[in-house]
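Here are my notes on this structure, in numbered points. Please read them with the sequence and the 3D view open.

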Amino acid sequence: MKKFVSIFKNKEIVGRIFFTVMILFVIRIGAAITVPGVQLKDSLKGAMNGANAIALMDLLGGGALSNFSVFALGVSPYITAQIIIELLSKDVLPALTELSKQGEYGRKKKEMATRYLTLLLGAVQAYGIIKTMENSDYVDLSNMGVDGFWRYAYLVVIMLAGTMLVMWLGDQITEKGLGNGISIVIFAGCIRSLPVQISNAWSKWITANASFDDSGMLVKGAAQFALYILVYILILGFVVFIELSKRKIPVQHAGKSGPSAAMSKASFLPLKVNSAGVIPVIFASSIMMAPSVIASFISSDAGKAEWLGIFSYSTLFEMKTLDGDTWKMPWGLIIYIVLIVAFTFFYAQMQIDPEQLADNFQKNGSYIPGIRPGKETEKYVGKVLNRITCIGAIALAFISALPNILVMTNVFGNDSSLAIGGTSMIIIVGVCIEVNAQIDGLLAGKSFEEVQGVSI
């Protein structure tokens, strides 16, 4: 409560909150404006409630794809371009590797390269989305007034313009608002489904049972709703715990050792249990959805092929035995979990390079007590990183796969919108932690200024 009061006493934080809300308001207005000439079909709404490529694109687009709006692409091309540039900067392209070592100048050049790549990827992705939705019979483009090449060129240009505008608005949030602008845009798209989810749960267990004369049914429904909310809070707490968990490796500095408790407390290397964040889930989902997207892109008949069921991580794939009997296996879910674990290890190693870390320690005269500098330090940090990443990968796979498990086990009947967990929960928690840390920093800066003013 004290922190809440301090926030509203700080004019800078209040101004940043107001600015962020206004930008998000503009984005939500844009997300509701359908591209002129495009008619939506009822089948699109059903596709958004499932675990498929369209639903994932809608999540990364801040919920704009469900209306095929001018912001339908969202920030998805920018995220993809950013990941590609970062991967190429890891000693793949020497030019980008050199830019990574040139401080602020190199960072601006890499950002410019990311934006150019965003335009290219955005054009390809826009065309892919248009063809996929057209072949899947989610939209009707027959009344646009233009045909052939110019129809698709018109749609691609509008969607690219929307993406660049959303990126610019995200940059404004980063500079003048709270949190990372791109993350906030995705966060807004994720959080919009939370009230609908709670409302659906209330309707399923409270409103539906209230229509019966039997009071026992209402009590049972209220208990089910309370249990649902409790489980939701527990899983949310588990996600927060994983996101905040760190392994602190003690570090000493040459010429700075001593009995000082403050120094020993401050000298440690924090390694996050989930240092990869939500990126592995996005990678894994994209790979799982690629076959169906490509098939739908080719033709509507190819998109309905039975073999594509093996890549669906929310259904059981039927297979025949030698005796002619059929049995079901969640191959899609298994592949999905394996991909998440693999990408978590890959991205964690990319974020934290033990070899580079050991070199930096030697250059700065730092060392881990009991571990020799150089190769031993590299091996020790690598071993610790692999252990904690194993825990993070399992937790990330569990949280991401939980909604699909609940859907396959038919826990909530035909209403898949009640499934708990998933990518959106990880994004919401991560962004909230990031914004909270920035607010703490602003409050600490204000307190420091007040102390300086008193001392002067």
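**Notes on a predicted model**

1. Thr-389 lies in helix H16. Helices here are DSSP runs of H or I with at least four residues, strands are runs of E with at least two, and both are numbered from the N terminus. This is a predicted model: local features need pLDDT of at least 70, side-chain atom pairs count only at pLDDT 80 or more, and totals for chains, interfaces and linings use all residues. Residues are numbered from 1 along each chain as its sequence is written, and side-chain values use heavy atoms, with hydrogens and water left out.

2. Thr-389 counts as buried because its relative accessibility is 1% (buried means under 20% relative accessible area, with a 1.4 Å probe and protein chains only). Leaving aside neighbours within four places in sequence, Thr-389 contacts Val-273, Thr-344, Phe-345 and Ala-348 (contact means heavy atoms within 4.5 Å).

3. How does H16 (residues 375-408) sit against H11 (residues 215-244)? Their axes come within 11 Å and cross at roughly 150°. That makes H11 roughly antiparallel to H16 (angles over 145 degrees count as such). The axes are lines fitted to C-alpha atoms over the stretch in contact, with angles from 0 to 180 degrees between N-to-C directions.

4. Now the side chains. From H11, Ile-235, Phe-238, Val-239 and Ile-242 meet Ala-395, Phe-398, Ile-399 and Leu-402 of H16. The residues of this contact divide into eight nonpolar, no polar and no charged.

5. Overall, the protein has 17 helices and eight strands. Buried residues make up 42% of its 456 residues.

Key
Parallel < 35°, antiparallel > 145°, perpendicular 65-115°, else oblique. Nonpolar A, V, L, I, M, F, W, Y, C, P; charged D, E, K, R; others polar. Buried < 20%, exposed > 50% of the residue type's maximum accessible area, 1.4 Å probe, protein only.
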